[in-house]
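Hi,

Here is the structure I promised to pass on.

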Amino acid sequence: MSKIESPVCCECGSYDVQVLAQMRWNFLKQQWEVVDILPSGTTCFNCLNDTALHWVGVEDAARVAENNTKKREI
């Protein structure tokens with residue numbers, strides 16, 4: 001079984017990230033489909049930086065997310 005991974009911010013480790021992508025409308029499915037993810041335009045909403053992404057196991061991403069939530073509450 002393959003390990004499930006999630007993209008996280010290279011700066012702070014948050015999973016709260018956004019990327020720019022090219023989309024194509026699929027008429028038969030009546031929905032947008034991702035054609036390509038653009039190499040620039042990745043933003044982290046936790047540290048508010050333009051960033052690169054790092055892929056980690058979902059367990060690791062969940063642990064970092066919990067730590068980031070605790071930091072915001074302080």
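What pattern does the protein chain follow when read along the sequence? The answer is β-β-β-β-β-β-α, with one helix and six strands in the chain. Helices (H or I, at least four residues) and strands (E, at least two) are DSSP runs, numbered from the N terminus.

Before the details: this is a predicted model, where local features need pLDDT of at least 70 and side-chain atom pairs count only at pLDDT 80 or more, while totals for chains, interfaces and linings use all residues. Residues are numbered from 1 along each chain as its sequence is written, and side-chain values use heavy atoms, with hydrogens and water left out.

Of the 74 residues in the protein chain, 19% are buried (under 20% relative accessible area; exposed is over 50%, partly exposed in between; 1.4 Å probe, protein chains only).

Thr51 sits in the loop between strand S5 (43–44) and strand S6 (53–57), and counts as buried at 13% relative accessibility. Its side chain reaches the backbone nitrogen of Cys10 at 3.5 Å, a polar contact (a pair of N or O atoms within 3.5 Å; within protein, one must be able to donate a hydrogen and the other to accept it, and residues adjacent in sequence count only if both atoms are side-chain atoms).

There is one salt bridge in the structure (a side-chain nitrogen of Lys or Arg within 4 Å of a carboxyl oxygen of Asp or Glu). It joins the side chains of Lys29 and Glu33 at 3.5 Å, N to O. Lys29 is exposed at 52% relative accessibility, whereas Glu33 is partly exposed at 25%.

Best wishes
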